[in-house]
Amino acid sequence: MARIPENFVQDLLARTDLVELIDARVPLKKTGRNYSACCPFHQEKTPSFTVAPDKQFYYCFGCGASGNAAGFLMEYEHLNFPEAVKQLADRAGMEVPESRPETTADRQKKDRLQSLYDLLSRAEKFYVQQLRQAPERQKAVNYLKNRGLSGEIAKQFAIGFAPPGYDNLINGLSLTETSLEQAVTGGLLVRREDNNRTYDKFRDRIIFPIRDSRGRTIGFGGRVLGDGKPKYLNSPETPVFHKGQELYGLWEWRQSRDRSDRLYVVEGYMDVIALTQHGVPNVVATLGTATTEDHARKLFRQVNEVILCFDGDKAGVRAAWRALESLLPALDDGKQVRFLFLPDGEDPDTLVRQQGPEALRALTDKADALSTYLFRHLSEGLDLETVDGRVRLARLALPYLDKPAGPVYRALLTEELSRLTRLDKESLIQLKPAPAAPRPTPSTSSPAGNAYDYGHGYEDFGSPPPPTEDDPGIPYPEDFAFADGGNNGSSNNFTADNRNRIRPNPRQNGGRKGPLTLAERLVLVLLDYPSLVEQHPLPDNIEQLPLPHIDLLTQVAGLCRQNHSAAAMLGALMALEQGETLSRLLKASLKPPMEEEMATRLWLDALSQLEVTRLEAALTEVEQAGMPDPAHWQALHKALAEARQHARKPFD
């Protein structure tokens, strides 16, 4: 009998937070690692209804009711299974595919993902074993002891060791030809371009397994022993690991018996581990990225208060401001964010080891609330005793007033700005910037100077309004190429260090705040013109580049070769894993597309930048491997120079 595909249901359940789902209907109280409440399915005075967040499962010790998210909705709201799935899908921003039997392709895809999880779990056990048995393990043990780590905490976080050498993991796991390919896909191995041989990605490093909300190992971080570069190395984006969405230490905290309603967000693995060992288990870290809106929403699903820890230097201030911009759209009423800037020379690790957790809590009590930091940051260098200073503050702050999700929070921000600027609230509300009107679709007779103008329908996804005299914005297509700052080494105008460039501002009427990443923008182009990828293929091995959503782009490009119409593409996309990202992109694909000539120019421009990034990554990988082959090294340098020169040329 036809049914909803099993892989879709499993994907949907994986994207649903059962605690959040039930808490919206039955208020839950944290009790140890789980949550409890009086059972909604029978009358009782003492709570016996338990929700296990790590298993995404509920159970009542009184009446025996149990199940997952779909089962809860069926029982609580008297729905049938398809209705429950539809409600969960709407909540997750996904569309339920047409009912059909599970195909062989569905089962194969599910099996591939499970095999990848199994392989990553085996790799974790291998690294842990090497910390105990490898001949070179002593320097790793000494490093951990010098950092004050106990054997118990090392076991809790499954800290391991990758010995020196290029084939320890390959031999240790006895990888076959098939599992070698899986290991490359999972970011455990690297494949050389010159001879197609594979070697271990992590070598001579302390290993930190990264786990998802279900406790599955999805990636690794490695800290070098010695003076090698880079100091920290993370797994690349893979089908199961998306660093802009994951938080290190979150699963470990949820397994503890800590009942705190606050989470500290720090920068590194060792900070998380040290704080946990010294009595502050409610701590997580981002994985080498700035705090994202996805991070913010995940944090607020766990607790009501988030404490962001930063160094007090200029880099820390910049990181704090980026975090504030990401957190604002997720800030609902009842949630709180505070900014904790550490004294010079201190980090959370050294602070708690030398002064104890009380020192961190004392600093937390003095930390700025988000609203305080917002207005203090915007007021720097302004004299609020003058009309000019207050005008400048109002102009800087007005765009931020409507960003928080909570209406009470938005109202209080407006009231605080009114106090600082001495403008009444009604005047501020009238002065708020109105949403920009969509620009007209360019016609074929447009002058050459407007050749890079976009068709309407893309404003909601990050395109800026036309530059004004006091807004030195950049042309949209230039920002198209590296909205994610992905190319850090090229010598052209796309580098992330160009201080004169201004990124597009988030839109209030859009489904996503902030600019799309490069990969997402290219996916949007392919949704309208799937044949582009055959005419102008993506560079080889770009799936290994550390760019957000690059795995989604490569998967969509593969689908384009099988589905040559936009309609067929939309259908095939529904089987992919990245539901939240795809829901935004599919929504955008329903809007009027840009003209084909413009899409082609933008595609070619982006490909040239991707090729530069790919060659830079390949050159870095060769140099880090030590003793590179001179001919291969020179060939890469020559290819990179040619690619950079090609990237600077305008496309005719």
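A crossing is left-handed if the near helix is turned anticlockwise from the far one by less than a right angle, and right-handed if clockwise. Helix α1 passes α4 in a left-handed crossing, and α3 passes α4 in a right-handed one.

This is a predicted model, in which local features need pLDDT of at least 70 and side-chain atom pairs count only at pLDDT 80 or more, while totals for chains, interfaces and linings use all residues. Residues are numbered from 1 along each chain as its sequence is written, and side-chain values use heavy atoms, with hydrogens and water left out.

Helices (H or I, at least four residues) and strands (E, at least two) are DSSP runs, numbered from the N terminus.

**Helix packing around α4**

- Helix α1 (residues 6–14) packs on helix α4 (residues 81–92) at an angle of about 50 degrees, with the axes 10 Å apart. Axes are lines fitted to C-alpha atoms, for helices over the stretch in contact, and angles run from 0 to 180 degrees between N-to-C directions.
- The pair α1 and α4 is therefore oblique. Angles under 35 degrees count as roughly parallel, over 145 as roughly antiparallel, 65 to 115 as roughly perpendicular and the rest as oblique.
- F8, V9, L12 and L13 of α1 make the contact with F81, V85, L88, A89 and A92 of α4. Contact means heavy atoms within 4.5 Å.
- By class, this contact of α1 with α4 has nine nonpolar, no polar and no charged residues. Ala, Val, Leu, Ile, Met, Phe, Trp, Tyr, Cys and Pro count as nonpolar, Asp, Glu, Lys and Arg as charged, and the others, Gly among them, as polar.
- Helix α3 (residues 69–76) packs on α4 at about 115 degrees, with the axes 9 Å apart.
- On the α3 side, A69, A70, L73 and M74 meet F81, A84, Q87 and L88 of α4. The contact of α3 with α4 divides into seven nonpolar, one polar and no charged residues.
- K86 is found in α4. K86 is partly exposed, at 42% relative accessible area; buried means under 20%, exposed over 50%, partly exposed in between (1.4 Å probe, protein chains only).

- In helix α6 (residues 137–146), the buried residues are A140, V141, Y143 and L144. Seen down the axis, they fall within an arc of 160 degrees, so they line one face of α6. The arc is that of the directions from the helix axis to the C-beta atoms.
- The face of α6 turned away from its buried side carries the exposed K145 and N146.
- The buried residues of α6 pack against several elements, including α5 (104–133), β9 (205–211) and α11 (269–277).
- G148 follows α6, with a positive phi near 80 degrees.
- In helix α17 (residues 387–397), G389, R390, L393, A394 and A397 are buried. They cover an arc of only 135 degrees around the axis, which puts them on the same side of α17.
- The opposite face of α17 carries the exposed V387, D388 and V391.
- Cover for the buried residues of α17 includes α16 (370–379) and α18 (407–421).

- Most residues other than glycine have a negative phi.
- A158 has phi near 55 degrees. A158 is found in the loop between α7 (151–156) and β6 (160–162), and is buried at 7% relative accessibility.
- S174 has phi near 50 degrees. S174 lies in the loop between α8 (168–172) and α9 (177–185), and is exposed at 57%.
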